[in-house]
Each structure stands twice: as C-alpha cells, then as structure tokens.
Amino acid sequence: MWERTLQDLIRGLRANKADESKFIAKAIEEIRQEIKSDDMVLKSGAVLKLTYLDMMGYDMSWASFHVVEVMSSPKLHLKSVGYLGAIQSFDQDTDVLMLTTNLLKKDLTSSPADIALTLNGISHILTPDLARDLSPELIKMLTHSRPAIRKRAVLALYKLVKRYPEVSTQVVSRLKDKLEDPDAGVIAATVNVLCELTLHNPKDYLALAPPLFHLMTTSSNNWMLIKIIKLFGTLSPYEPRLVKKLQPPITELISTTPAISLLYECVHTCIIGGMLEGSSGDALARTCVSKLAAFIQDSDQNLKYIALLAMVKIVPTHPHLVAQYQDTILASVNDQDISIRMRALDLISAMVDETNLQNIVQQVLSHLVTDTSSSNVPSAAESLAQHTIPPIVKPSLPSPSASPAYRFTLSQRILQMCSQNTYENVTNFEWYLSVLVDLAHVANVDVGVQIRDQMVDVVGRVKLARRYAVKLMFALLSDDAMLRNAQDEGSCSEVLWAAAFICGEYCSELTDPQKLLPLILQPGISNLSPDIIAVYIQAATKIFGFYAAEVAQRWIDDDLHEVKAVVQMVIERVGPFVSSSHIEVQERAANTLQLFNFILADLNSYRPRSTGNPFDESSSSYANSDVISEPRFPKSLFIIQPLFSSYELNPVAQHAQESVPIPEGLDLDAWIVPPPADPLSLSEPGEKKARKKIKREKGKDGVSGSGNKGKKKQREENGKEHGYNGNGLVTLIPLESETETEEQRTERERRRAERLERQRDDPYYIMDKKPSKTVSPPHDVDLDSIPVVKLEGMPAFLGPVDSRLPSLRSTPFQYSPEPFYIDRVGEMPTGAAALTNSSPSSHHSTPTPGSRPGSIISRTASPAPVRLSSGLTASISSFPQYEVADEDGQPATPTPEPVKVQSKKKKAPGTVTGKKKRPKAVAAS
C-alpha cells in the first residue's frame, strides 16, 4: 500500500482547489487507517498530516490518544512529532493528559535533547494537576549543568506558577539564584519571567530588588535593561524606598543612553513609579519633559505618539513644565495621523488651567474654521507658468479638520475644557458666551444640544453676564442664516432655543424689549423644530408681559394704539400654531392666543380717565375703604408679568430634593384621599337578616304549587310590607338598623376572615390590596376661617389701590467692579443645612460670610443683590435668608422675615386640613 506523505498532501491540496473538501475528506479517511497501524513511523506520519490539517481548521481531537502513543516513542524525531501534535491540539479539557504524567517525568530524566523537547511541550500543555505533580522535577531542572536546559526550565516556571500558585514561594528563592547565574541567557530569561510574574502579585517579589538593582547598574544589554526598568516601575509603588534609590541611575540612563526604546522606558517608569514627586523629582521631571518634547518634534510618528501619551501622565504633577511646550503640542492637533491628533487633544485637555484656557480654546477653535482664503486664485507668475509649462498635478491630502468625526471631537473637547468642575477655569464668562456662539456657527456637527445647555447654565449661574448674554442672544435671533439653515445637519439650531429662553427670561436687560417680538414671532420660525417653537411662543409671552408692565408704569393715552398693535401682531402670528400637530406647540399657542384675546378685549373696552394720578385713590383709608378704585391704565397690562417675575430663577443644588426636611406632623404614608371602604365590612346586621328573611319567603312562595291564586291577594298585601308594588316591581324601603352585640360582631369578623383566607388561596380569585388600617375621612373644612391674603407686589385689579406699591422699575442696575461670581452649588431648601452637613453624600465647602451654605465663592466676596427679571430688587423670597455668623461668632443681622398672615379663627385641635406642601425651588417654565 502506498502512503501519502505530508508533501503529497500539500501538493494534492494545491491541485484540487476546485473540490478541496472532497479531497480532504478522502485524505482524512486514509489518515484514520494509517494512524491505527502498529508501525510507529506510519503512525507519526499520520499525526504530522493531522497537525497540518488542524492548522487549517479541521478537528483532530479524536486522535489525541494516538498522539500520546507517538509521544512515547523512544526515537527523538518521532517523539518530536508527538509533542508537536500535543502542543497543537491539546487543551485544558483533554482527558488523555492524565495519562502523560509518568511519561513526562520519565522524559525529564532522559537525555538533554529529550529534556529540552519535554520542557518545551510542558510549557504548552501544563494543567493544574500536571503542575502539581511535575513541580519537583521542574524546579530540579534549574540546577542542570547545561545552560540551555536551565533557560528552558526558567521559562517553564512561568506557566508552572500560573497553573499552580502554591509553588510560588519555592520559585522566588530559586529565581533569585538564577539572577546570579553565570550564563547571560539564563539571566535574561529569569528577568523576562519576573517581569510577567510581578504584574500579578508584585509584593511577593520585592525581595528581588537588590539583585535587580545590581544588574541595572552593571549590565550593558539594553533589552535586559528595558525589562529591569519595567520591573522597578511595577515594584516602586509598593516600596517607597526604591524611589530614592532609583533616581540617580535612571537619571544617568536618561541623560546618556542613545537607545530611544530604553530612554522612553526610563521616562515611563519615572512617571508610573512616583519618582517625579517631591522636590527631589523636579529635576528628573524637567529632564523627562525635555526628552519627550524632542520626541514630539521628531519625524517618527511612533515617537510622537508615545511622547504625547507619556506627557498626559506628567501633566497632573508638573503642568508648568508641559505648558512650556504648548505650541509644539498644539501643532500636533493638525497632524495627518488621527491617532496622534487624538492623543494631542487628550494632552491639551489635561493641561488646561485659568491662565492658558483662552489661548488653548482659541487655537483649537481655529482648527474648526474653514479656510475661506482665495487660495485657488493664482498669482501673476503662477498664471504665466501655467501657460508655458504643463501643470503637474500633485495629490493633495484632505485636511484633518474636514472629517465630521474629528470636528465633533474638537467641539466636545472645547465644551469639556471650559465646563469642567463647573467652569472652574473660566474667568471671563462674556468671553465664554461668545465662544459658544462662535462654536455654533463653525462646528458644522451636531453639538447644538450641549451648547444650548451650557448657555442656559452659564446665564443662570452668573448674574453679571446676563446683560451681555441678552445682547448676544438678540444678535443670534437676528441672524437670518441660522434660521434659514435650521433644517440642515450640523446647523446647531438648538442654540436658538437657548437664545429665545434667555431673551424671554432676562428681557429686563434690554431698553426696548418689544423689538424682540417681531424677531421671535417672524414667519420663518415654522422651519424650526417643535420644541424650539414652543420656547419661542413662551418667550414672546414673557417679553410682552414685561413690556406691558413698563408701559403701564409710564402710561399715557397715546400708548393705547401702540399696545393694541403689538397685541394684534402677537395674535396674528401665534394663531397658525394653534393647529400644530405637536401637542406642546399647540397647547402653548392656544393658551397664548386666549390670553392675548382677553387683553385685546380689555384694551378695546378701556376708556381714558381724566385724573392725572395713575392710581385714582379714594379719600378714605386703604383698610376701611369700600369704594373700588380703578387704575388709570388698562388692568390687563399686569396680567402676565407677575406670572414670570414673582420669583427669581436660580440654579438648584444637586442634593436639594433629597435634603428637603419633612415638616412636623406630616405622615407621608397616610392617605390623602381615603380609599372606598369594603362594602362587606360596612353592611349592617339588620340588613343581612332582612335579606335572608325576604329570600326565605321568596323560597316558600316558589315551593308552594297549589293555592297560588287564593293567596295572590295575601302576597300583595304582605309584599307591600317588604317593598313590592302592584306591578311586581321592588321598591327599596330603608330598614332600621339593629344594635349589633359584641358576640355578633366577633362572629361576623371571624367569618369574614375565613372568607378572605379562602379567597387568598384561590388562584382564580383576584383580590384588591386594601389598606391595613382604615383612615377616618377628613373633617369638613371651615371655609369662612380661611383668610383672604393680599399678595405683596401684585397690583389690585378690583380692589382699592395702595399708593405705597413699589415701582415696577428701580434704578438702573450697576455692574459690580468685582470679577464674575458663579453660583456653583445652587439653591438649597429651608432647613437643609444641617442635613447636608451630616449627610455623607454631600460635599459642600464651608460657607463664607455673606454667602449661602454650600456655595463656593472663588473670585468675589459676596454675590450681587437678588434682582428679579422685571427689574425689581427682591424683598420676599420663597426661602428665608440663612443666618451666617460674623467673625466674632455672633449671628449676623438676618434679613427681616416675610410677614406671616394668620387665620383669625383658630382650628379645633386635631383638625385635619390636608397634606402640607413641601417648599420647592422655582423651576424653569
């Protein structure tokens, strides 16, 4: 019989490309016959061919026993085929490995060639059980006379410790001896094994630091030095004394070695090993940064990448050193290699602080600006050369900033750098607002939502930036290009949401707020998304409310036509949105339309007064007056403004909701509206007996078969007593309740409990979960005892007008010469200071005098006085002012609390008036 060799199998595969599977199936069938042969040469040839097919993806696990047979061959060339097949096909679940224990032990005591072959195979097929059984033999091989065997044994120890960790204590002492082996190959193999083992448990190998340090200072092998430096980088965090010991030799290596790989490894070890910390590490840090800066300027892209990666780790400890190479780093942002660009962005984001934020942001923002220069227009010399010399077309690489993904990353990095730690590095918020507007114009990617959120957040937190923000948003609303391109991808039209909201909320910062109404309600806003249109409509209502209140303040009869024109314009432009398919737009438009129709009707019915005083006050006093005084201006002009300006819109602290204290006497588990009572539990005993009696008599009437006609009259007479009329219909007659005895009530409750228990176990009966205790219904509330409270700051429409009302417009707000103040913490509810101080989840700084608890004041002593959007200085807040101690420890003079209106008629003790309301922060409308 002629057998195929491995060479014949390979030739056949190449010759049968069209029908390869059929050829391989035939070859495997031949191998199955050959591998069962007693001839070891033929069997080893079959294993060799199977090993080749296994590399092509065909399974050979069915021949694992035959592989072990070939491994046991006394001939080295056949044994090597068996070990090759085992390395290729055996895994941790191969069942025949348990048969190889004695075979491996025998081979480890054979000739050096067999030992070398066995050590190579053991490092691949070792299992936990084999590692336990073979550990004495493998450790013994470390003392073999031949260096090649010792080196292979050291390498096999790594797999031994990994599969059988209990042997690590014995291995450490043996590896320490191998670090002093006379053969350099054994030492290199030992260092390689230690470099891998220390990654899993560094503390077990700290005892090897002295011989490793000796090798680092005496060896000239760069590859072994790289491994030793890596080892020390892993061990240094667990042994602080190593840092001082390693600084001088590593500094010398960095300064003298010409090997780039060794230089980078030294720098990396200094970073991760903590060698740059403290005063002693400043000089080393300066050396490392200078070497890394040279890497960034190198033409090798790999050196640029690893240098940027290493500098990111140096920035947290030595930002001033990295900042010296800011221009070099920023030049890498426009590199053609995307990986280098991303690492440069990481480094720039890490090195940002208050001093360099504006410079870095402007340079990063410049990469987003499209080059609009007329570079396609040739000069005179170039034009002449084009006609005389044929032009040579040079392939131009696309600009890195042309990639949408990269532009999106750049935009997000700008937003992250400026907003990190609640705008910690921003010192000029007017500059930052202009950056956000510029970013919305040049980004050309979908970052509009993030820009919108930051605009609203900055304006809400920084009061001194609101006037500039309103002017900036006014210009943004006037931009026709932004409105035209709102439907385009990457147009960032969401910033118009923020512009409308800011202009509506803080329109008091403008001199002529009514000029915003034609912009906000222009016909082109129909191209915007529905959520932006809804905010536009709401902003128009706020702006008109403030404008109308201002007109009423300085009312003259000539203003009537102007106000009517504004109201009619709002009605005409809001009207089409009432039929919008978006429910939010439809609801806001309908509410606005009805409100302005009411105002228009009031304006049409208004008749000018002759008195010169805007408030026609009666001669009697305010408290005792029964005469209704009418204001000189239309009353509807004040209907909108108090809805939006009664409270200031402040940022809310992160833990405000969970810090709201539960008012005394409030039971959160009690029912606000008691559930309906169980009808079975409320039925009267007399009613049950009456039902049983009626059913019993009905049964008697149904059973009697004779004499029905003679007893018809008697049934009718008796039926009247039970509610039956002459037509056979039932008339319900109320029954007198009978007194239930204690025994009857106990028996009734027992039967009810039994019935409920049966129903609970019945899978086909659905039970309602009733409350465990019955809550008595609330008592009737005495409506006459509720006082009529006059809200301060609201002008009276139907009652007498008090001339002492505060004016709607205070003196113009003067900017504080101090830097910007940002409210980083937000507003907390009343009584939450003690809760947040005791809560482990809250992290608030100690309050400074003049600030609220939990607020962080970075660049100013105290916030500006609270100023409402209508221009009024707030005198009444929804939360009482906090008392802050002075420097001498005495409480500062608190702001006077609001006047509390109390009921004249006291309620009876225990009267339930409903659920108390929690104080809550004012949310954005």
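How many salt bridges does the count come to? It comes to 27, where a salt bridge is a side-chain nitrogen of Lys or Arg within 4 Å of a carboxyl oxygen of Asp or Glu.

**Before you start**

This is a predicted model: local features need pLDDT of at least 70, and side-chain atom pairs count only at pLDDT 80 or more, while totals for chains, interfaces and linings use all residues. Numbering runs from 1 along each chain as its sequence is written, and side-chain values use heavy atoms, with hydrogens and water left out.

**Whole chain**

Show the protein chain as a cartoon. It has 38 helices and zero strands. Helices (H or I, at least four residues) and strands (E, at least two) are DSSP runs, numbered from the N terminus. Of the 925 residues, 40% count as buried. Buried means under 20% relative accessible area, exposed means over 50%, and partly exposed lies in between (1.4 Å probe, protein chains only).

Switch to a surface. The chain exposes about 52,600 Å², and carbon and sulfur atoms supply 54% of that area. Accessible areas come from the Shrake-Rupley method with a 1.4 Å probe; for residues, only the protein chains shown count as cover.

Now consider contacts, meaning heavy atoms within 4.5 Å. Among those between residues at least 6 apart in sequence, 71% join residues at least 24 apart.

**Stop 1: a surface patch**

Select Phe65, Met98 and Leu99. Together they make a nonpolar surface patch of about 350 Å². Patches are made of residues with over 30% relative accessible area and no salt bridge; like charges are joined within 9 Å, nonpolar side chains (Val, Leu, Ile, Met, Phe, Trp, Tyr) within 5 Å. Phe65 sits in helix α4 (residues 64-71). This residue counts as partly exposed because its relative accessibility is 43%.

**Stop 2: Lys79 and Asp107**

Select Lys79 and Asp107. They form a salt bridge, with the closest N and O atoms 3.3 Å apart. The pair links distant parts of the chain, 28 residues apart: Lys79 is in helix α5 (residues 76-89) and Asp107 in helix α6 (residues 101-107). Both Lys79 and Asp107 are buried.

**Stop 3: Glu505 and Lys542**

Move to Glu505 and Lys542. In this salt bridge the closest N and O atoms are 2.8 Å apart. Again distant parts of the chain are linked: Glu505 is in helix α28 (residues 495-505), Lys542 is in helix α30, and 37 residues separate them. Glu505 is buried, with a relative accessible area of 9%. Lys542 is buried too, at 6%.

**Stop 4: along α30**

Select Thr541, in helix α30 (residues 530-553). Is Thr541 buried or exposed? Its relative accessible area is 5%, so Thr541 is buried. A polar contact of 3.4 Å joins its side chain to that of Thr592. Such a contact is a pair of N or O atoms within 3.5 Å; within protein, one must be able to donate a hydrogen and the other to accept it, and residues adjacent in sequence count only if both atoms are side-chain atoms. Leaving out residues up to four places away in sequence, Thr541 touches Thr592, Leu595, Phe596, Ile640 and Phe644.

**Stop 5: the largest core**

Select Tyr432 and Phe544. Of the 220 residues in the largest nonpolar core, these two touch the most other members. Helix α30 gives the most to this core, with 16 residues. A nonpolar core is a set of buried Ala, Val, Leu, Ile, Met, Phe, Trp, Tyr and Cys residues joined through side-chain atoms within 4.5 Å. Beyond residues up to four places away in sequence, Tyr432 touches Leu415, Cys418, Tyr423, Val426, Gln454 and Val458.

**Stop 6: positive phi**

Select Tyr423, one of the residues touched by Tyr432. Tyr423 has a positive phi of about 60 degrees although it is not a glycine. It is found in helix α23 (residues 404-423) and is buried at 3% relative accessible area.

Next, select Cys492, in the loop between α27 (480-484) and α28. Its phi is near 60 degrees, a positive value in a residue other than glycine. Cys492 is buried, with a relative accessible area of 2%.

**Stop 7: a charged network**

Finish at helix α37 (residues 742-761), where Arg750 and Glu754 lie four residues apart, about one turn of the helix. They form a salt bridge, the closest N and O atoms being 2.5 Å apart. Arg750 counts as partly exposed at 39% relative accessibility, as does Glu754 at 38%.
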